[in-house]
Amino acid sequence: MRVLGIETSCDETGIAIYDSRAGLLAHHLFSQKAHIEYGGVVPELASRDHVRKVLPMIDAVLKEANLAPRDIQGIAYTAGPGLVGALMVGAVVAQSLRFAWQCPAIGVHHMEGHLLAPMLEANPPPFPFVALLVSGGHSQLIKVTRLGEYEILGESIDDAAGEAFDKTAKLLGLPYPGGPHLAKIAIHGNPERFNFPRPLLNRGLDFSFSGLKTAVANAIAKSPQDEQTVADIAASFEQAVIDTLIVKSLRALQETGMKQLIIAGGVGANIKLRTSLSDLGEKQGFKVYYPRPLFCTDNGAMIAYAGCKRLLAGEKEDLKIQVRARWPISELRTV
Ligand code: KG4
Ligand code: ZN
């Protein structure tokens with residue numbers, strides 16, 4: 001089955017075609033620039049940019065894969081969680097094409113897309129595994145027994161990990177989106193210069209990141225603003241987040257008895273997080289999987305893949321346009 005994937009939940013337009021036999025055939029990504037001058041995503045601008053980009057990008061992926069609309073057997077679009085206006089663009093286009101092309105369509109859960117993104121890589125993880133899902137809107141540890149069976153073991157009680165990266169980057173005067181910029185300057189910093197808090201470290205599987213930005217704000221207020229200090233603050237902040245994510249991931253593996261961990265979502269693109277967990281895995285006997293950095297952040301390939309799996313399992317959706325700003329992943333049906 002060949003599925004067209006459409007991702008428009010936030011500020012990236014992602015379009016891809018996934019073939020259940022041949023794998024990923026084509027994928028295009030457009031990261032919106034309109035938000036940079038505002039230092040964060042402006043929902044109305046996001047919707048408008050998606051409107052401009054979705055159809056030309058669908059034409060482009062079809063062309064790249066050397067396919068015509070009649071070669072597509074299903075359409076997957078992100079139905080939530082995300083910005084309602086942005087999601088609506090993808091949903092309306094998907095349902096219109098489905099009507100025109102006479103094929104089924106399916107609304108995909110954005111975080112299920114992230115969670116399944118490692119399956120697009122050469123050595124996909126077999127079920128079951130623990131997933132560390134860390135994005136701009138969510139930080140969760142999930143026990144995954146099979147497709148659609150997701151038990152939330154722990155989650156952030158306040159800011160998501162990516163949100164903490166973005167807010168801290170803003171405090172440091174870095175451009176939006178802050179996570180990758182902060183990680184870049186952290187390379188030259190000393191992660192031990194500032195001892196930032198690691199809340200809830202000693203108990204449970206929930207995270208808390210909101211206190212970190214206050215600690216960073218205090219450090220900035222008390223320190224000189226030279227380049228090295230900014231790099232040291234960035235590195236110390238990054239280390240505090242990574243330490244927390246590592247301790248909680250190890251605890252989740254221990255509590256579930258599982259030996260496989262997947263890292264997914266935008267923060268999963270963080271090289272230090274990936275290498276630290278992989279090194280620990282080698283030492284402690286668990287295996288770590290993650291998608292290529294491009295498929296950690298929002299993209300159409302993960303939506304095409306997740307939609308393809310659900311369509312192949314016989315899931316169907318009425319001809320309706322319905323999106324959800326909030327949508328707990330634990331509500332998904334097991335396939
Ligand atoms: O998954 P994603 O693209 O969008 C959501 O579903 O939220 O995640 C975006 C988040 C942003 O907060 C961004 O700053 C963060 O992922 N991010 C990173 C890195 N690359 C992206 N955070 C830390 N290090 C990175 N290299
Ligand atoms: Zn995302």
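Biologist: Which side chain has an N or O atom 2.6 Å from an oxygen atom of ligand 1?

Modeller: This is a predicted model, in which local features need pLDDT of at least 70, side-chain atom pairs count only at pLDDT 80 or more, and totals for chains, interfaces and linings use all residues. Residues are numbered from 1 along each chain as its sequence is written, chains are lettered from A and ligands numbered from 1 in the order in which they are written, and side-chain values use heavy atoms, with hydrogens and water left out. A polar contact with a ligand is a pair of N or O atoms within 3.5 Å, and here the side chain of Asp-166 supplies the atom at 2.6 Å from a ligand 1 oxygen. A polar backbone atom of Gly-136 is 2.8 Å from an oxygen atom of ligand 1, and a backbone N or O atom of Asp-298 lies 3.0 Å from such an oxygen.

Biologist: Which residues coordinate the zinc ion (ligand 2)?

Modeller: Donors are N, O and S atoms within 2.8 Å of the metal (3.2 Å for Na, K and Ca), and water is not among the atoms, so sites may look incomplete. In this model the zinc ion (ligand 2) is held by His-110 (NE2), His-114 (NE2) and Asp-298 (OD), at 1.9 to 2.0 Å, with the sequence spacing H-x3-H-x183-D. His-110 belongs to helix α3 (residues 110-116) and Asp-298 to the loop between β10 (287-289) and α9, so this pair ties together parts that are 188 residues apart in sequence.

Biologist: Are His-110 and Asp-298 buried or exposed?

Modeller: Buried means under 20% relative accessible area, exposed over 50%, and partly exposed in between (1.4 Å probe, protein chains only). His-110 is buried at 6%, and Asp-298 is also buried, at 13%.

Biologist: How much space lies in the largest cavity, and which residues line that cavity?

Modeller: Rolling a probe the size of a water molecule over the atoms shows where empty space is left. On a 1 Å grid over the protein atoms alone, a cavity is a set of points where a 1.4 Å probe fits but cannot get out, and lining residues have an atom within 4 Å of a point. The largest cavity holds about 30 Å³ of space, and its lining includes Gly-14, His-28, Phe-295 and Asn-299. Strand β3 gives the most to this lining, with 3 residues.

Biologist: How many charged residues does the lining of the largest cavity have?

Modeller: Asp, Glu, Lys and Arg count as charged, and this lining has no charged residues, but 4 nonpolar and 5 polar ones.

Notes: On a 1 Å grid over the protein atoms alone, a cavity is a set of points where a 1.4 Å probe fits but cannot get out, and a pocket is an open set with protein on both sides within 12 Å along at least five of seven lines; lining residues have an atom within 4 Å of a point. Grid points are joined across faces, edges and corners, and a volume is the space filled by probe spheres set on the points. Helices (H or I, at least four residues) and strands (E, at least two) are DSSP runs, numbered from the N terminus. A polar contact is a pair of N or O atoms within 3.5 Å; within protein, one must be able to donate a hydrogen and the other to accept it, and residues adjacent in sequence count only if both atoms are side-chain atoms.
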